[in-house]
Protein chains: 2
Amino acid sequence: MSLIVQKYGGTSVGSLDRIRAVAEKVMAVRGEGHRVVVVVSAMSGETNRLIDLARAIDPVPSPRELDVLLSTGEQVTIALLSMALESRGCPARSYTGGQVHILTDSAFTKARILEIDHRKILKDLDEGRVVVVAGFQGVDAEGNITTLGRGGSDTTAVALAAALKADECQIYTDVDGVYTTDPRIVPRARRLDRVTFEEMLEMASLGAKVLQIRSVEFAHKYGVRLRVLSSFEAGEGTLITSEEEVMEHALISGIAFSRDEAKLTLRGVPDRPGVAFEILAPIGRANIEVDMIVQNVGTDGLTDFTFTVHRNDYEQALKVLQKTAAELGARDVLGDKQIVKVSLVGVGMRSHAGIASRMFGALAREGINIEMISTSEIKVSVVIDEKYLELAVRTLHSEFGLDAAA
Amino acid sequence: MSLIVQKYGGTSVGSLDRIRAVAEKVMAVRGEGHRVVVVVSAMSGETNRLIDLARAIDPVPSPRELDVLLSTGEQVTIALLSMALESRGCPARSYTGGQVHILTDSAFTKARILEIDHRKILKDLDEGRVVVVAGFQGVDAEGNITTLGRGGSDTTAVALAAALKADECQIYTDVDGVYTTDPRIVPRARRLDRVTFEEMLEMASLGAKVLQIRSVEFAHKYGVRLRVLSSFEAGEGTLITSEEEVMEHALISGIAFSRDEAKLTLRGVPDRPGVAFEILAPIGRANIEVDMIVQNVGTDGLTDFTFTVHRNDYEQALKVLQKTAAELGARDVLGDKQIVKVSLVGVGMRSHAGIASRMFGALAREGINIEMISTSEIKVSVVIDEKYLELAVRTLHSEFGLDAAA
């Protein structure tokens with residue numbers, strides 16, 4: 001008899017009919033002999049409705065009170081789902097974050113989970129109940145209601161699965177798993193049966209928005225087997241797990257990409273120790289995150305320095321950099337917002353040389369110029385002109401054998 | 001510096017504008033140097049919306065889960081009101097029933113308050129904050145969310161006032177106080193400045209629905225000065241307090257009435273000890289509450305027995321009584337649904353004889369036949385034909401000098 005934690009997001013509980021469907025799903029799993037804990041989000045639209053009420057009262061509402069307000073969204077769902085289960089003869093009990101003491105720090109609207117008291121839940125499971133827990137919320141040490149920020153319900157589910165030593169944490173969503181790349185760009189993209197935590201983290205941070213990154217990190221840290229499934233279709237979904245459990249590694253698991261990139265270059269800066277710090281420190285002070293960084297080998301004691309930022313931060317970064325350029329006596333500042341990042345991700349590449357060069361060769365054959373390169377143990381990223389995005393993703397998807405059988 | 005507990009009902013917080021207006025009102029009282037605790041209901045309509053959701057899931061939803069659901073209504077209001085106060089520079093903090101540990105029994109949907117932990121509230125007041133508490137809700141000893149039933153926010157306010165030893169508990173509502181009778185029937189009805197708990201209880205139970213009876217009982221028991229005021233108009237409202245504080249007693253404080261009455265008579269029953277029990281026991285077993293009871297002096301060893309019930313229970317009571325009549329060999333059963341009860345209420349009548357006869361004389365002069373009479377220390381009630389209701393109330397209102405100056 002396994003213990004399974006299931007999480008259903010806002011779309012999955014977005015109407016009374018969908019809540020009823022979730023109840024049926026939960027009972028089916030219970031009928032197979034499993035013990036089930038369910039984590040739910042607010043019904044879709046509800047959190048935005050509450051935020052609108054708050055903003056109408058105060059454009060910048062008190063964070064403590066915002067959390068008191070927003071936490072009602074999940075509380076409505078846990079009650080309705082528990083009623084639906086009970087009305088079908090399935091014993092169930094709902095709990096708010098506070099009631100099962102999901103202890104967090106006091107960072108209202110973006111709190112972090114510190115500890116969970118699982119005794120109540122285990123007692124209910126032992127007595128044959130399904131336990132329904134409000135996602136996204138907790139309490140701090142003083143008993144104040146806190147929320148974990150958008151997407152926090154995934155984290156609640158993983159944290160509960162870790163605390164309860166669950167056999168699996170299933171995240172039900174509106175996609176049926178993790179794909180080799182975005183099927184809207186590559187129709188022959190394949191759903192992955194399994195992927196490692198490391199690969200999932202690289203894919204998520206590179207723009208594949210299936211799971212909240214924090215929940216993947218959490219699952220990785222506590223060794224929680226995580227499965228992404230569709231609420232609306234049958235299927236096994238994708239299991240995200242440790243490397244040992246993914247037996248046969250494909251060379252490459254997927255192609256991730258991000259459109260939200262912009263590139264800045266400072267040309268002709270003095271090539272001396274500490275100059276990188278002098279360039280990037282003011283950017284950091286402006287709260288702008290830097291992603292890729294490249295410094296070319298200098299000639300004549302001068303060098304060029306290039307980095308990428310989120311496209312939303314481009315204008316501000318440009319302003320900061322122009323000031324720095326003047327101070328350093330650099331030749332000029334160049335910028336480009338028409339770029340994207342495309343990445344190969346796969347733990348398999350650790351043991352295979354030549355992945356990067358094979359990637360560059362495939363892109364070159366299509367006439368795609370590579371503007372920047374960055375590598376880590378399990379990924380190779382390139383920055384290219386945004387007009388080549390789809391072509392590059394499709395090319396690499398075939399090159400590395402990811403296409404589904406026609 | 002007084003400590004005041006204010007309670008605002010659903011209509012008073014029924015929109016964002018009204019919540020803003022409540023914030024202004026609270027700040028005005030605080031500006032006069034008082035410490036303020038505010039109890040709020042759900043925004044009007046919200047509780048019904050939630051009940052509709054629950055009923056769509058299950059016509060008879062789990063009571064425990066219904067309480068989890070309904071308690072979100074007040075939680076939304078406390079957050080919004082606290083935001084409104086903070087946005088105006090007034091330090092405020094909201095608490096759910098569970099957070100200030102309003103401990104109740106476990107009778108979901110109609111729980112009773114057992115105890116309140118006032119330490120958090122006093123600490124906040126000492127630190128200069130307005131404290132905003134969700135009405136209508138609490139937690140049981142196991143930490144389950146409970147609600148007190150409709151109108152329970154009044155009880156929350158009174159219980160908090162008792163626990164905090166507040167100087168006054170102000171109930172803001174959509175009427176500006178307690179009246180000598182219903183102004184829709186007697187346009188010259190007057191607002192009472194003061195009324196005793198006992199009078200208020202008699203008036204409330206007789207149909208003057210300003211305050212929930214339980215909250216008046218609670219205030220009486222713990223000696224909480226209770227004031228009913230309008231949320232929408234200025235004014236002193238009506239103070240409900242102990243007899244000692246109501247210095248000059250009017251003979252009669254008000255005329256209460258109830259339309260929901262029905263009368264049943266068993267004629268020609270054997271006049272022997274225990275027959276009243278034999279008649280009423282089956283009625284009690286059918287869960288029907290009996291109000292007034294009259295047994296006439298018998299002749300020929302037979303007597304007539306009459307009692308009143310709520311009009312909704314009339315048909316069922318009649319059925320039960322017909323069975324009893326057959327068993328007892330009574331002559332016949334009569335019933336009448338076209339009756340009403342009119343009552344004089346006033347602590348002043350304790351010390352004045354002749355109130356009842358003056359009442360009967362006034363009604364007789366208008367040709368109104370009295371069908372039943374019942375008296376207690378501070379009230380005289382008569383049952384009359386319902387067509388005379390308005391005439392009787394107006395007549396008595398003048399007779400006992402309650403009319404406002406023209």
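Two strands pair if DSSP finds at least two bridges between them. Helices (H or I, at least four residues) and strands (E, at least two) are DSSP runs, numbered from the N terminus. The model shown in these views is predicted; local features need pLDDT of at least 70, side-chain atom pairs count only at pLDDT 80 or more, and totals for chains, interfaces and linings use all residues. Residues are numbered from 1 along each chain as its sequence is written, while chains are lettered from A and ligands numbered from 1 in the order in which they are written.

View 1. Strand 13 (residues 254-270) and strand 15 (residues 302-310) of chain B run antiparallel, joined by 8 bridges. K263(B) has T308(B) in strand 15 of chain B as its bridge partner. The open sheet has 6 strands in the order 14-15-13-16-18-17 (chain B), with antiparallel pairing. Strand 14 (290-295) and strand 17 (372-376) of chain B are the edge strands; each has a single partner strand, so one side of each lacks a neighbour in the sheet. From one strand to the next, the twist averages 30 degrees. Axes here are lines fitted to C-alpha atoms, for helices over the stretch in contact, and angles run from 0 to 180 degrees between N-to-C directions.

View 2. Contact means that the C-beta atoms of two residues, placed from the backbone, lie within 7 Å.

**View 3. Helices 8 and 9 of chain A cross.** The axes of helix 8 (residues 275-285) and helix 9 (residues 314-328) of chain A come within 9 Å and cross at roughly 145 degrees. On one side of the contact are E278(A), I279(A), P282(A) and I283(A) of helix 8; on the other are A317(A), V320(A), T324(A) and L328(A) of helix 9. By class, this contact has 6 nonpolar, 1 polar and 1 charged residues. Ala, Val, Leu, Ile, Met, Phe, Trp, Tyr, Cys and Pro count as nonpolar, Asp, Glu, Lys and Arg as charged, and the others, Gly among them, as polar.

**View 4. L226(A) has partners in two strands.** Strand 9 (residues 168-173) and strand 11 (residues 226-230) of chain A run parallel, with 5 bridges between them. C169(A) stands opposite L226(A). Strand 11 also joins strand 12 (residues 238-241) of chain A through 3 bridges, and these two run antiparallel. There, I240(A) is the bridge partner of L226(A).

**View 5. Chain B meets chain A.** Contacts link 27 residues of chain B with 27 residues of chain A. Helix 1 (16-31), helix 2 (46-57) and helix 3 (63-87) of chain B each supply at least two residues of the side that touches chain A. Helix 3 gives the largest share, 14 residues. That side of chain B divides into 15 nonpolar, 9 polar and 3 charged residues. The copies meet through the same surface, because 100% of the interface residues of chain B are also interface residues in chain A.
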